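I opened my notebook beside the viewer today. My plan is to look things up one at a time and write down what I find.

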Amino acid sequence: MSETDAPDGPPPFEEPFSSDDVEQRIYGTILQTREPTTASAIADSADCDPKTARKYLGWFDALGIVTRHDGHPTTYERNDAYFEWRRTNQLAADHSVEDLQDRVRELTTRITEYEETYDAASPAAVDAVAAAEGSDERTIDDVYSDLGDWATAREERDRYERARQQRTGSEREQASG
């Protein structure tokens, strides 16, 4: 038996969900879906019957995990807002208000440094080619890396701030309840 055939190793790339139950395979397929997709296509990808896929997709729709688009045929797509909400809730559950505030401060400092470095309010306002050509220190790859990090820091700060507000609100409710 070769190393890749080991029963406890990862499944082959062609069959990433082969060891999971059908619900997990459908869920995993949804996570990889970037556009509205039919239940039949999801069933093919998850290696299950389309009727079974429709059953789980209906359940995932009720939970808000997918968005159902009525039409002929009906299609489903991942609900990114659900996953964003879930990440925010997890941050609020896992961190204290102080930890969340500290992270917001750290990210704000990093964002402010980028705003000053590039003399812009957001990464979208920066002409990457002009910024690289106007600098002796940064290559175009450095600028693109900075812009990506800056955009990520802004998104992360927003997420941590929402979690902080959520956590602060729940602590107020507990104190007044």
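Below are my entries, in the order I made them.

**Entry 1: ground rules**

I am working with a predicted model, in which local features need pLDDT of at least 70 and side-chain atom pairs count only at pLDDT 80 or more, while totals for chains, interfaces and linings use all residues. Residues are numbered from 1 along each chain as its sequence is written, and side-chain values use heavy atoms, with hydrogens and water left out.

**Entry 2: the overall layout**

I looked up the helices and strands, which are DSSP runs numbered from the N terminus (helices are H or I with at least four residues, strands are E with at least two). The protein chain has seven helices and three strands. Reading along the sequence, I get the pattern α-β-α-α-β-β-α-α-α-α.

Next I checked burial, where buried means under 20% relative accessible area, exposed means over 50%, and partly exposed is in between (1.4 Å probe, protein chains only). Of the 177 residues of the protein chain, 32% count as buried.

I also looked at contacts, meaning heavy atoms within 4.5 Å. Among contacts between residues at least 6 apart in sequence, 58% join residues at least 24 apart.

**Entry 3: the sheet**

In what order do the three strands lie in the sheet? I found β1-β3-β2, in an open sheet with antiparallel pairing. For my own reference, two strands pair if DSSP finds at least two bridges between them. The edge strands are β1 and β2, each pairing on one side only.

- β1 (residues 37–38) pairs with β3 (residues 75–78) over two bridges, and Thr38 stands opposite Thr75.
- β2 (residues 66–69) is joined to β3 by four bridges; I noted that Arg68 has Tyr76 as its bridge partner and that Thr67 has Glu77.

A hairpin of five residues links β2 to β3. Pro73 is found in that loop between β2 and β3, and a cis peptide bond joins His72 and Pro73, with omega about 5 degrees. I flagged this one because most peptide bonds are trans.

**Entry 4: helices against the sheet and each other**

Helix α3 (residues 50–63) lies across β2 and β3, running at about 110 degrees to β2. Axes here are lines fitted to C-alpha atoms, for helices over the stretch in contact, and angles run from 0 to 180 degrees between N-to-C directions.

How far apart are the axes of α2 and α3? They are 8 Å apart, and helix α2 (residues 39–46) packs on α3 at an angle of about 105 degrees. That makes α2 roughly perpendicular to α3, a label for angles of 65 to 115 degrees.

Ala39, Ser40, Ile42 and Ala43 in α2 meet Pro50, Ala53, Arg54 and Leu57 in α3. By class, this contact has six nonpolar, one polar and one charged residues.

**Entry 5: two nonpolar cores**

A nonpolar core is a set of buried Ala, Val, Leu, Ile, Met, Phe, Trp, Tyr and Cys residues joined through side-chain atoms within 4.5 Å. The largest has 19 residues, and those with the most contacts inside it are Tyr118, Val126, Val143, Leu147, Trp150 and Tyr160. The elements giving two or more residues to this core are α4 (80–94), α5 (97–118), α6 (128–133) and α7 (140–176). I picked Leu147 and, leaving aside neighbours within four places in sequence, found it in contact with Pro123, Val126 and Ala128. Apart from this core lies another of 18 residues, among them Ile26, Ala46, Ala53 and Tyr56.

**Entry 6: single residues**

Is Glu156 buried or exposed? Glu156 counts as buried, because its relative accessibility is 17%. Glu156 sits in helix α7 and, leaving aside neighbours within four places in sequence, is in contact with Arg103 and Leu107.

Thr52 is in helix α3 and is partly exposed, with a relative accessible area of 25%. Not counting residues up to four places away in sequence, Thr52 touches Val22 and Ile26. Thr52 and Glu23 are 29 residues apart in sequence and 9.0 Å apart in space, C-alpha to C-alpha.

My last stop was backbone angles: most residues other than glycine have a negative phi.

- Asp47 has a positive phi of about 55 degrees; Asp47 is in the loop between α2 and α3 and is exposed at 62% relative accessible area.
- Asp119 has a positive phi of about 45 degrees; Asp119 lies in the loop between α5 and α6 and is exposed at 74%.

Key:
Angles under 35 degrees count as roughly parallel, over 145 as roughly antiparallel, 65 to 115 as roughly perpendicular and the rest as oblique. Ala, Val, Leu, Ile, Met, Phe, Trp, Tyr, Cys and Pro count as nonpolar, Asp, Glu, Lys and Arg as charged, and the others, Gly among them, as polar.
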